[in-house]
Amino acid sequence: MNDIKLALLGSEGAGKSAVLVRFLTKRFIGEYASNTNSLYHKRLSIDGRQLNLEVFDPCSQDLCVPPTPWQSEESRCILEEPLDWADGFVVVYTISDRTSFLNAKNILAQIKESRRETCKGEVPICLVGNKQDLCHSRQVSEEEGRSLAQENKCLFQEVSAAENYLEISNLFTKLIRHVMEQLKHR
Ligand code: GDP
Ligand code: MG
């Protein structure tokens, strides 16, 4: 049985918990506890292999916004733990909130920085532009999301946790496959 550890990162309110709960339960509930760190467990089978999935859903790391990224000690403490722990990351922003996109950009840089010496291959990450249903108030184009993902060699998908399950499920499956590949080489 493989153990796979993922961490969700992104601005408070970006929809981390909504995306994760959608993946784990196929449901959208609407409101999610935002004041605690949560660790979710799920057993699943991908490509005929049994996996023990653990996903860390932190309460918030909204403090790391330009132009003074990573300045706050508090934001460092919140982030460093999942950075060391996880095998792969889901970085979530909201397409209707530019600040959350800039925050995602910083988080990607932080992940790369912290993994540079420890990880030989690429760090499995997927960048998720959430709340696609709010495209009437879009502040981040799909193209911008895609090119940020390309620059950082990560998967990318715009999704709506409120309206869709399949895209989110496919994205997690791809990420988990990528993690399994990386773990083989360790
Ligand atoms: P987190 O702080 O990143 O975990 O964000 P939450 O998952 O708690 O979501 C923040 C708010 O955005 C909640 O009110 C959710 O109901 C809402 N939300 C999450 N995903 C979507 C989505 O895809 N579309 C819309 N319209 N609202 C969403
Ligand atoms: Mg949350």
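Predicted model: local features only at pLDDT ≥ 70, side-chain atom pairs only at ≥ 80, totals over all residues.

Before anything else, a word on strands: two strands are said to pair if DSSP finds at least two bridges between them. Helices (H or I, at least four residues) and strands (E, at least two) are themselves DSSP runs, numbered from the N terminus. With that in place, β2 and β3 form a hairpin with two residues between them, and Asp47 in the turn has a positive phi of about 50 degrees. Nine bridges join β2 to β3, the two running antiparallel, and within this pair Arg43 stands opposite Asn52 in β3.

Residues are numbered from 1 along each chain as its sequence is written, and chains are lettered from A and ligands numbered from 1 in the order in which they are written.

Now the overall fold. The chain has five helices and six strands, and read along the sequence they follow the pattern β-α-β-β-α-β-α-β-α-β-α. If we call two residues in contact when their C-beta atoms, placed from the backbone, lie within 7 Å, then among contacts with a separation of 6 or more, 71% are between residues 24 or more positions apart.

The six strands form an open sheet of mixed pairing, in the order β2-β3-β1-β4-β5-β6. Because β2 (38–46) and β6 (155–158) stand at the edges with a single partner strand each, one side of each is left without a neighbour in the sheet. Neighbouring strands are turned against each other by 20 degrees on average, direction ignored; here axes are lines fitted to C-alpha atoms, for helices over the stretch in contact, and angles run from 0 to 180 degrees between N-to-C directions.

Further along the sheet, β4 (residues 88–94) and β5 (residues 125–130) run parallel and are joined by six bridges, with Val91 standing opposite Leu127 in β5. Helix α4 (residues 142–151) lies across β5 and β6, at about 165 degrees to β6. Helix α5 (residues 166–184) also packs on the sheet, touching β1 (2–10), β2, β3 (49–57), β4, β5 and β6, and its direction makes about 170 degrees with that of β6.

What, then, lies in the largest nonpolar core? A nonpolar core here is a set of buried Ala, Val, Leu, Ile, Met, Phe, Trp, Tyr and Cys residues joined through C-beta atoms within 7 Å. A residue is buried if 20 or more other C-beta atoms lie within 10 Å of its own, exposed if 12 or fewer, and partly exposed in between, with C-beta atoms placed from the backbone. The largest such core has 42 residues, and those with the most contacts inside it are Val19, Phe89, Val90, Val91, Ile125, Leu127 and Val128. Helix α5 gives the most to this core, with six residues. Leaving aside neighbours within four places in sequence, Val91 has among its contacts Leu9, Ala104, Ile107 and Leu127.

Not counting residues up to four places away in sequence, Arg22 touches Arg27, Phe28, Ala161, Tyr165 and Ile168.

Finally, two lysines in loops. Lys131, between β5 and α4, has a positive phi of about 70 degrees although it is not a glycine, and Lys131 is buried, with 26 other C-beta atoms within 10 Å. Lys153, in the loop between α4 and β6, has a positive phi of about 50 degrees, but with 12 C-beta neighbours inside 10 Å Lys153 counts as exposed.
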